[in-house]
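Me: I would like to learn how to read a multi-domain chain and its contact with a partner. Where do we begin?

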Amino acid sequence: MRPLAWLRSVASALFHRSRVETEMDEELRSHIRSRADDLERTGLPRAEAERRARVEFGGVERFKEECREATGARAVEELAQDVRFGFRMLRKSPAFTAIAILILAVGIGANTALFSVVNGVLLNPLPFPHPDRLVAIYGTTPGVSAGPVSYLNFLDWQRETRAFSSLAIYRNQDYNYLATGAARRLSGYQISAGFFSTLGVRPVLGRAFTAADDRIGAAPVVILSGGFWQRQFGSSPGILGKSLNLNGASYTVVGVIPSTFTFYGQHHDVYTPIGQWTDSSFRDRRVDVSAHAIGRLKPGVTLAQAQADMEDVAHSLAVTYPMADNHSGVKLIAMKEDIVGGVRPFLVVLLASVGFLLLIACANVANLLLARSLGRAREFGVRVALGAGHMRVVRQLLTESFLLAGFGGALGLLLAYLGTRAALDLVPGTLPRARHISLDSHVLLFTLGISIVSGILFGLAPSLRASRANPQGILKESGRGSSGERHRLQGTFVALEVALAVVLLVGAGLMVRTLAALLRVSPGYNPDRAITFDLSLPDAAKATPAETRARLRLFDAKMRQVPGVEAVSVTLGSRPMIHDSSLPFWIEGQPKPANLQDMHQALFYLVEAGFEKAMGVKLLRGRFITAADNERGPVVIDIDTVFARTYFPHENPVGKYVNLAGFNVKAKIVGVVDHVRQWGPGPDPESAIEAQFDYPFMQLPDKLMPLAADAVAVVLRTRGDPTRVMASVRRAMAQIDPREVVYDVQTMNEVLADSYAARRFTMILLGVFAALALLLSCVGIYGVISCTVGRGTHEIGLRMALGAQRADVMRLVLGQGARMVLLGLAVGVVAALGLTRLMAGELFGVTPHDPATFAAVAFLLSLVALLACYIPARRATRVDPVVALRHE
Amino acid sequence: MTDRARLLPGTLDLLILKAVSLGPLHGYGILLRIGQISRKALLIEQGALYPALFRLVRQGLLKPSWGTSENNRRAKFYELTAAGRKRLREEADGWNRLAAAIAVALGARPEQI
């Protein structure tokens, strides 16, 4: 077909519709007149000739319709007609329309909201150039599959790698910032010179670090974050060249990076060159200073090739430095995977659940449409009788469905916009990259797509059914239609809704059981009324070990005087869910392993005597560390039950000795305490170090005391609300030294809650989805049973007139509901058995096939469904046979 | 009437193109011309002509224009476009080949097999 001719034909048909119509009229009239002229010439009277001509021509309207169709404009015209008519039909039944739109809006809104989360977190690329080339580089040692990287190894990697165009290393380093008398804690990173160029981030002002900055002895320089620059200096461009007092030293500002820059979801205030750090352990291959590496792959290099390349490099290092690197390896993880990999499973579970919710919503609306099509059966019968094709009726009904879906989608979008913000505000920090969540074009396309798909899903079955209507039957039956088939279809939809609701309820139930199990787990300490914070000390670098000890003792004494404080302990090393530190050791009496890698590892907690009460650890055997276990006394430790079980399986560990390699001391075990759930109440990470010991803070070797001089952590046990006591704590601190900074204040309950925040998020959302699913299913059951009862009034009346009792009627109606619900339950349970396996990783303390959950869900659903059936069933029993028989 | 042949599907378009190829015609004229050239052997329902005409216009095979008929009535005349002429040639060839083949097939006698 000539596209141009077609276009012209359609265009003229559409835009000059009236002209086309008049011309068509005129043309056909002209034909009939010409024919009449000819007939007249054969001798017929004019009137008879015209009549004959018209009869010969055939049905004018039919041919006109065919002509219109032939111009190609009819489809568009019919669509406009369908839309107009659809609007009219929806307006005619506002209650139906409102309910259908609301149901769809909930379904589509929930899907849109969750998709916007998935889109922002999982699908959108990282906001760096060529983000797929960015890789996180971890060191591996026996038992640690993705650990920190030592600086000297990093320098060797940087020199020897062939797969990466650049590598960078970084570590957390917070600073006390002294400006106009008051000290503030700044978050910071020490970074190697290539850090920003590896990521592809350019400073908005000044420059990034160069190799000349990144070495010992270079002038102290600092790069500011855009946010800090704005807050502290009002975005003044004059900041370049000014100096900042960080930890008592003066740093010159050389650059500012964009305020939009985040790294692993975090904003930091300041960046300093890592190469200037003089700490002796930093340049020791054996010591972990929590430094991590990133790299940018060369174009065309795959992750697997890079992994192989880095393994070669690590292997040559192991040969060169057998003491330190004998069993060390390298593990590469794509940076985005590293950031969001942890949340993918639960987002996928949620996305699947919310998809089920939409299916339920569609089934519900389909049932509403079916119920309504009953009232419109006559309308369709008349249409078909007047010559409307089946497809024409289907199209009309689908148009109405699409209108509903369109409105539902628009309202859903609004709900999603409000709901996403509310949900993210409710659980801050649960999701990485939460800032990237927005209703962008992908999300809008998704919403459009699911709206159209839902329109087809819920509109197709009812409209196909309506179009198959036999006009004779319908018109004769005065609008009753073949109700049997419709009931079967409605029953199927209800069963489907019940089945989907079962799956969602089981999912939600399993998450509730998981949370309950997590809350039941004893963390190994008492989190109630315990609070922890970090404390940094000014001018710490110059303090001698004795001065540091004296200051901490003063702090202890001062804290104990604060009203509301029951116990206090300064702590370092590990802290539950906040920080992990481990030491290699060997048991006295056993041969000393040749190198550090062959030694056992245990987490250590540097504690004071007050720790037992402040953290609430349970002493099971022997004694806890006391104030007498100080720098002058013999070194002692308390070990945990895992340590005792693992290394002293058949003997009493108290009184035994342990050699601590990193501290270079021999410690005597004086007691056994309960095991602390270091990684939260859930399952521990793979290859986690389980053995633990408590070590007296004051017995920290002198050479390590400078670590404690800079910053320590504190644990307090309070009498009342721990957050309320903090005000007094801060006042007391100001009396000791106004330059001391308290930061990262968290109650231990908050710390615990954070550890299962993602699971709680899943549970809340699944719970909401399941509740909505249950509600929608009940509406569906109620609607169908009501409908049946309404339709069956006549039959019920007849039965009662023939002697049926109310109980018989009740049984009849309930039986009908029970069949649907039981079918749905059966299908749902089977589906749930298969599907809950997908969320096994999110579960804790409960199997995916937990019989109790399944039983509870089945019971709850049956109960609620029974209620939904009971209300209309009761109405059925009230039927007055006389009225019912007169009905219709 | 019953001795007239009913049209095979698709042949109406061919007949219209043929009729119009002999000179511009209005709808009724096309009907008469087909009757004339088929020696009144073909039956065409009068109204059915028009959807076919509209279709051919849409396909760019016919070009309509308003004029005056021999009876002095305003009428819509159709003439063949270049594409229409080409189509007529192709369809006519195809039809002739088909007709010849069918005639041969139907003329087959037992001894020829």
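Reply: Begin with the domains. Their bounds come from an automatic or database domain assignment. The model itself is predicted.

Me: Into which domains is chain A divided?

Reply: The assignment gives domain 1 (3-72), domain 2 (75-128 + 342-481), domain 3 (143-326), domain 4 (484-520 + 759-888) and domain 5 (539-736). Over C-alpha atoms, the centres of domain 1 and domain 5 of chain A are separated by 100 Å.

Me: Now the interface. How many residues does the contact take from each chain?

Reply: In general, the size of an interface is often given as the accessible area lost when the parts come together. Here we count residues. Chain A gives 25 residues and chain B gives 21 residues. On the chain A side, H1 (3-15), H2 (17-41), H3 (46-57) and H4 (60-71) each supply at least two residues. H2(A) has the largest share, 9 residues. By type, the chain A side divides into 9 nonpolar, 8 polar and 8 charged residues.

Me: How do the axes of H4(A) and H3(B) cross?

Reply: Angles under 35 degrees count as roughly parallel. The axes of H4(A) and H3(B), residues 49-58 of chain B, cross at roughly 10° and come within 8 Å. Therefore H4(A) is roughly parallel to H3(B).

Me: Which residues make that contact?

Reply: From H4(A): Phe63(A), Glu66(A), Cys67(A), Ala70(A) and Thr71(A). From H3(B): Tyr50(B), Pro51(B), Phe54(B), Arg55(B) and Arg58(B).

Me: And how do the residues of this helix contact divide by type?

Reply: Into 6 nonpolar, 1 polar and 3 charged.

How values were computed:
Residues are numbered from 1 along each chain as its sequence is written. Chains are lettered from A and ligands numbered from 1 in the order in which they are written. This is a predicted model: local features need pLDDT of at least 70, side-chain atom pairs count only at pLDDT 80 or more; totals for chains, interfaces and linings use all residues. Two residues are in contact if their C-beta atoms, placed from the backbone, lie within 7 Å. Helices (H or I, at least four residues) and strands (E, at least two) are DSSP runs, numbered from the N terminus. Ala, Val, Leu, Ile, Met, Phe, Trp, Tyr, Cys and Pro count as nonpolar, Asp, Glu, Lys and Arg as charged, and the others, Gly among them, as polar. Axes are lines fitted to C-alpha atoms, for helices over the stretch in contact, and angles run from 0 to 180 degrees between N-to-C directions. Angles under 35 degrees count as roughly parallel, over 145 as roughly antiparallel, 65 to 115 as roughly perpendicular and the rest as oblique.
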